[in-house]
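Me: I'm opening this one for the first time. Can you walk me through it?
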Amino acid sequence: MRVKWFSLSIITFAFVLSAGASVASGEAVEDLYRFHCAQCHGLKGMGDGPNATREMPVSPRDHTSAVEMNKLTDADIINAITEGGPATSKSSLMPPYGKTLSKAEISSLKDYLRKLCNCKGK
Amino acid sequence: MIIRRLFAAGLLSAAVLWAVPSFAGVDEGKKTFDANKCALCHQVQGPAKEKTIKDQLAKKGPELWYAGSKFKSGFLEKWLASPQPIRPLAYNSVTDRNRGDHPKLSAKDASNVAAYLMSLKSPEVKSLGIAASESPKGRIIFLKKQSCYGCHSMRVRGKMAGGLSGPSFIGAFERLNPDWVYSYLKNPKAFKPVKMMPVYSGILNEAEIKELASYVGSLN
């Protein structure tokens, strides 16, 4: 009986940790994505946010595309979020968030992108 | 002599009458602002208190507690009498268009409310005298180095171009005080602690922030 309760508590604890994953700032990573990234990448990460207008020289990356996202290492993703697109030889339309988000928030966003693309990168 | 005195008295009364309404406008404007419950959407008490994304998303409209530092004289009166969307999207939304349904005020109310709002200033905004100018350096930052147009629309060869998530810069020359643009870029958290726009202070240097403020203030 005790073992059963113990396992149940472990499962509950793991669930609480994985659901609504939040970073040091207390913001859930989904909220960070919707607030900062969705304006270009779309609420579901398909690269179809409101700033992806026709006349833009490049389109925002589709974060759900494993083919596209597999071209990037985890370090590439972190660099692009921190320093902006030019850090990975991409467009400056991807702005730098290094002074906006903490390292922990940026790392959690990288994990979130890997979840969206269901890919590990190169 | 009597005529001269009468004339002087007349001039004096005219001067007093001309000066008094500027104070009356502020008080009357506050009354109108309160009566119309404008504070349901617009904060008029500073400093900013938002700490989380949820706090920011709870706001229904732009904060106005530093309106007198942000806007150029004359803009608000004109805008309140004939409101036109400044943001292509609804406030805090990345999906809904701005329906352009802001209440319209009569000419008198618009004048008074504008006087009240222009009396709300932030000590953060110093009078630096940054002039609006199509500075080539500012233009390079706006269009190439940081691609600000990715979120802020502008007029290019007579047509609207650029992203939709930020306030449009079409008409920024009539609307924004370049000194405020500088302060906002320099210390954004003093005005909006939680915002969709990235922080550029520490990325752009002092001279670049001034050039950019000057360029943004020149867009029309």
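Reply: Helices (H or I, at least four residues) and strands (E, at least two) are DSSP runs, numbered from the N terminus. By that count, chain B has nine helices and two strands. The model is predicted: local features need pLDDT of at least 70, side-chain atom pairs count only at pLDDT 80 or more, and totals for chains, interfaces and linings use all residues. Residues are numbered from 1 along each chain as its sequence is written, while chains are lettered from A and ligands numbered from 1 in the order in which they are written.

Me: What pattern does chain B follow along the sequence?
Reply: It reads α-α-α-α-α-α-β-β-α-α-α.

Me: And how much of chain B counts as buried?
Reply: Of its 220 residues, 37% do. Buried means that 20 or more other C-beta atoms, placed from the backbone, lie within 10 Å of the residue's own; with 12 or fewer it is exposed, and in between partly exposed.

Me: Which domains does chain B have?
Reply: The assignment gives domain 1 (24-118) and domain 2 (136-216). Such bounds come from an automatic or database domain assignment. The C-alpha centres of the two domains of chain B are 20 Å apart.

Me: Switching to helix pairs. At what angle do H8 and H9 of chain B pack?
Reply: Helix H8 (residues 178-186) and helix H9 (residues 206-216) of chain B pack at about 135 degrees, with axes 8 Å apart. Axes are lines fitted to C-alpha atoms, for helices over the stretch in contact, and angles run from 0 to 180 degrees between N-to-C directions.

Me: What does that make them to each other?
Reply: H8(B) and H9(B) are therefore oblique. Angles under 35 degrees count as roughly parallel, over 145 as roughly antiparallel, 65 to 115 as roughly perpendicular and the rest as oblique.

Me: Which residues of H8(B) meet H9(B)?
Reply: B:Pro178, B:Val181, B:Tyr182, B:Leu185 and B:Lys186. The H9(B) residues they meet include B:Ile209 and B:Val216. The whole contact has eight nonpolar, one polar and two charged residues.

Key: Two residues are in contact if their C-beta atoms, placed from the backbone, lie within 7 Å. Ala, Val, Leu, Ile, Met, Phe, Trp, Tyr, Cys and Pro count as nonpolar, Asp, Glu, Lys and Arg as charged, and the others, Gly among them, as polar.
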